[in-house]
Amino acid sequence: MKKLYSFIICLLLISSCKQKNTISLVSYNAQTFFDIIDDGNEFKEFQKGKWTMDAYNERIDRLLQAVKMCSNDLVEKEDLPDILILQEIESIRVIKDISKRLSNNIYKEAVFTTQKNGSPFNTAIFSKHKVLHTKEHNVYFENKSLRPVIEVDLSVSLCGKDVNITIFAVHWKSKRDENKEIRKLQEEVLYNRMKEKEKTSDFVIACGDFNQNLTEFSKMKTFNNAWQLCNKKENFEKELNDEVEIDGSYCYKGKWEKLDHFFYSNNSKNKLKPSFFTVVSKAPLVYEGKTNRYNINTKAGYSDHLPIGFLIKAPIFDEK
């Protein structure tokens, strides 16, 4: 493991956040979000010609639209979450361009990782709160480096009291090659780090695109999962012109799967409690009962995943 000093980007200098008793998080796989620079890492369809500055800027607008829809589900009139975790982001250029688009420079810091395994996709974390430490936990399979587990410690002000929150951001190997051993290795690393951080952090969360359903986990089942907060069917919306029930964050061959997750601590030193979980399962992010994935040819759509949101509440701390 190694510290990611060089990847912490200061986006703005502000003294403090408004006092409140909630922490909102949104995790979103943005689906092959390439920047506008053609440097050879792009998929063929995103190379020069079809991929233009106008199309790129429109995709940023749509990404923020999706994030705001999810954030508004968590906290009314809160346009952007306290913590935003994005997967499948090509480069730091995308992070900077997103930051420029935000009004009032709302995010204080961002953490971005650059992979060394040849993959064009990376993970980004935006935070309204101070980043204390970052670490990258590499996972190897057959001498090849997989997507790392990103660990970020944050200092969050809740009701005038500072608490330490640890976020683990992941993007696990796809199931397309049917290699379960790779995801088992990734799960082992994440589980061990979460158990270790539970000893020191006030609250520990792991989130991102895990590329597997709840029943496919082994050790991670010992943690709470935010999907379990959503036990009523009415929390999921149906498309007006479709009878398909949307119960997941990803649709493959007409079947909905819960591949994006928030796992969180079984205990909290400051009595932080999970409050609400949401998946934005409505238009325009859903079309004809499926995810409205982005299409480079038509320049239409959003992503092949839906954004998920998680709200944590803190008690009113007693002054001492």
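Where in the chain is Phe-310 found? Phe-310 sits in strand β20, which covers residues 308-313. Welcome to a predicted model, in which local features need pLDDT of at least 70 and side-chain atom pairs count only at pLDDT 80 or more, while totals for chains, interfaces and linings use all residues. Residues are numbered from 1 along each chain as its sequence is written, and side-chain values use heavy atoms, with hydrogens and water left out.

**The chain as a whole**
- The chain has 3 helices and 20 strands; these are DSSP runs numbered from the N terminus, with helices being H or I of at least four residues and strands E of at least two.
- Of the 320 residues in the chain, 54% are buried, where buried means under 20% relative accessible area, exposed over 50% and partly exposed in between (1.4 Å probe, protein chains only).
- Among contacts (heavy atoms within 4.5 Å) with a separation of 6 or more, 73% are between residues 24 or more positions apart.

**Around Phe-310**
- Phe-310 is buried, with a relative accessible area of 0%.
- Leaving aside residues up to four places away in sequence, Phe-310 touches a set of residues including Ile-23, Leu-74, Ala-226 and Pro-274.
- Val-279 is 31 residues from Phe-310 in sequence, and their C-alpha atoms are 9.1 Å apart.
- Ring pairs join Phe-310 into a cluster with Phe-203, Trp-227, Phe-262, Tyr-264 and Phe-277.

**Aromatic pairs**
- The structure holds 16 aromatic pairs; rings of Phe, Tyr and Trp (its six-membered ring) pair if their centres lie within 6.5 Å, and planes under 30 degrees apart count as stacked, over 60 as edge-to-face and the rest as tilted.
- Phe-210 and Phe-263 have ring centres 5.3 Å apart and planes at 75 degrees, so this pair is edge-to-face.
- Phe-210 lies in the loop between β12 and β13 and Phe-263 in strand β16, so the pair ties together parts 53 residues apart in sequence.
- Phe-263 also forms an edge-to-face pair with Phe-217, at 5.0 Å centre to centre and 75 degrees between the planes.
- Phe-217 is buried, with a relative accessible area of 3%, and Phe-263 is buried with 1%.

**One side of a helix**
- In helix α2 (residues 92-101), the buried residues are Val-94, Ile-95, Ile-98 and Ser-99.
- These residues lie on the same side of α2 because they cover an arc of only 135 degrees around the axis, taken from the directions from the helix axis to the C-beta atoms.
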